[in-house]
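This briefing is intended for a reader who has the sequence and the three-dimensional structure at hand. Please consult both while reading the points below.

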Amino acid sequence: MARGVHRPQEDAEFDFVLSMTAGPVLAYFCGTWPKAVEACRAMDAVVGEMAREYGTRLTAVRTDMTRCPGSTKRYGVTGAPTVVLIEGGEAVASQAGSMDREEFRAFLDVHLP
């Protein structure tokens, strides 16, 4: 599967990305309601940069909570933005709220091999 930030449009597509990815998946859950939009837009650039920087170490997936409600519920996401690191279909770490590049890098470095 190509590296970069995938943008599934429904739960089945999210599940497909997970099933086709051998390594860790960074699922970035975002919202489209007014209070979430600004924070999620700020995180878009950070997630994209980290996806490029970490290259083959992870696959990034930007997940719209409205379009993928089953995935949102499965991983216990209740607010946006939230990132969930998934390995083998199971959440191994999560962080709610906005993060700058250094905070995001620290989160990834603690949890990635």
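Phe 104 is buried, with a relative accessible area of 0%; buried denotes under 20% relative accessible area, exposed over 50%, and partly exposed the range in between, with a 1.4 Å probe and protein chains only. The model is a predicted one, in which local features need pLDDT of at least 70 and side-chain atom pairs count only at pLDDT 80 or more, while totals for chains, interfaces and linings use all residues. Residues are numbered from 1 along each chain as its sequence is written, and side-chain values use heavy atoms, with hydrogens and water left out.

**Helix α4 and its buried side**

- Phe 104 belongs to helix α4, which spans residues 101-111; helices (H or I, at least four residues) and strands (E, at least two) are DSSP runs, numbered from the N terminus.
- Buried in α4 are Phe 104, Arg 105, Phe 107 and Leu 108.
- These residues lie on the same side of α4 because they cover an arc of only 160 degrees around the axis, where the arc is that of the directions from the helix axis to the C-beta atoms.
- An α-helix has 3.6 residues a turn, so residues three or four places apart point the same way.
- Glu 102 and Val 110, on the other side of α4, are exposed.
- The cover over the buried residues of α4 includes β2 (25-30), α2 (34-54), β4 (82-87) and β5 (90-96); contact here means heavy atoms within 4.5 Å.
- At the start of α4, a side-chain oxygen of Asp 100 comes to within 3.1 Å of the backbone nitrogen of Glu 102.

**Aromatic rings**

- The count comes to 3 aromatic pairs; rings of Phe, Tyr and Trp (its six-membered ring) pair if their centres lie within 6.5 Å, and planes under 30 degrees apart count as stacked, over 60 as edge-to-face and the rest as tilted.
- Phe 104 and Phe 107 form an edge-to-face pair, because their ring centres are 6.5 Å apart and their planes stand at 65 degrees.
- About one helical turn separates Phe 104 from Phe 107, as they are 3 residues apart in helix α4.
- Phe 107, at 8% relative accessibility, counts as buried.
- One aromatic cluster is formed by Phe 14, Phe 29 and Tyr 75.

**Salt bridges**

- There are 6 salt bridges in the structure; a salt bridge is a side-chain nitrogen of Lys or Arg within 4 Å of a carboxyl oxygen of Asp or Glu.
- One of them joins the side chains of Asp 15 and Arg 74 (2.9 Å, N to O).
- Asp 15 lies in helix α1 (residues 11-19) and Arg 74 in helix α3 (residues 69-74), so this pair ties together parts that are 59 residues apart in sequence.
- Asp 15 is partly exposed at 30% relative accessibility, and Arg 74 is partly exposed with a relative accessible area of 43%.
- Another salt bridge connects the side chains of Glu 49 and Arg 101 (2.3 Å, N to O).
- Since Glu 49 lies in helix α2 and Arg 101 in helix α4, the pair ties together parts that are 52 residues apart in sequence.
- Glu 49 has a relative accessible area of 23% and is partly exposed; Arg 101, at 36%, is also partly exposed.
- Within helix α4, the side chains of Arg 105 and Glu 102 meet in a salt bridge (2.5 Å, N to O); these residues are 3 apart, or about one helical turn.
- Arg 105 is buried at 17% relative accessible area, whereas Glu 102 is exposed at 53%.
- Salt bridges with shared partners join Glu 49, Glu 53, Arg 101, Glu 102 and Arg 105 into one network.

**Arg 62 in strand β3**

- Strand β3 (residues 59-64) contains Arg 62, which counts as buried at 17% relative accessibility.
- The side chains of Arg 62 and Asp 44 are joined by a polar contact of 2.7 Å; a polar contact is a pair of N or O atoms within 3.5 Å, where within protein one must be able to donate a hydrogen and the other to accept it, and residues adjacent in sequence count only if both atoms are side-chain atoms.
- Leaving aside residues up to four places away in sequence, Arg 62 touches Val 5, His 6, Arg 7, Pro 8, Tyr 28, Cys 30 and Asp 44.

**Cysteines**

- The structure holds 0 disulfides, a disulfide being a pair of cysteine sulfur atoms within 2.5 Å.
- Cys 40 is in no disulfide, and the nearest cysteine sulfur, that of Cys 30, is 4.9 Å away.
- Cys 40 counts as buried at 1% relative accessibility, and Cys 68 counts as buried at 0%.
- The closest cysteine sulfur to that of Cys 68 is in Cys 30, at 9.2 Å, too far for a bond.
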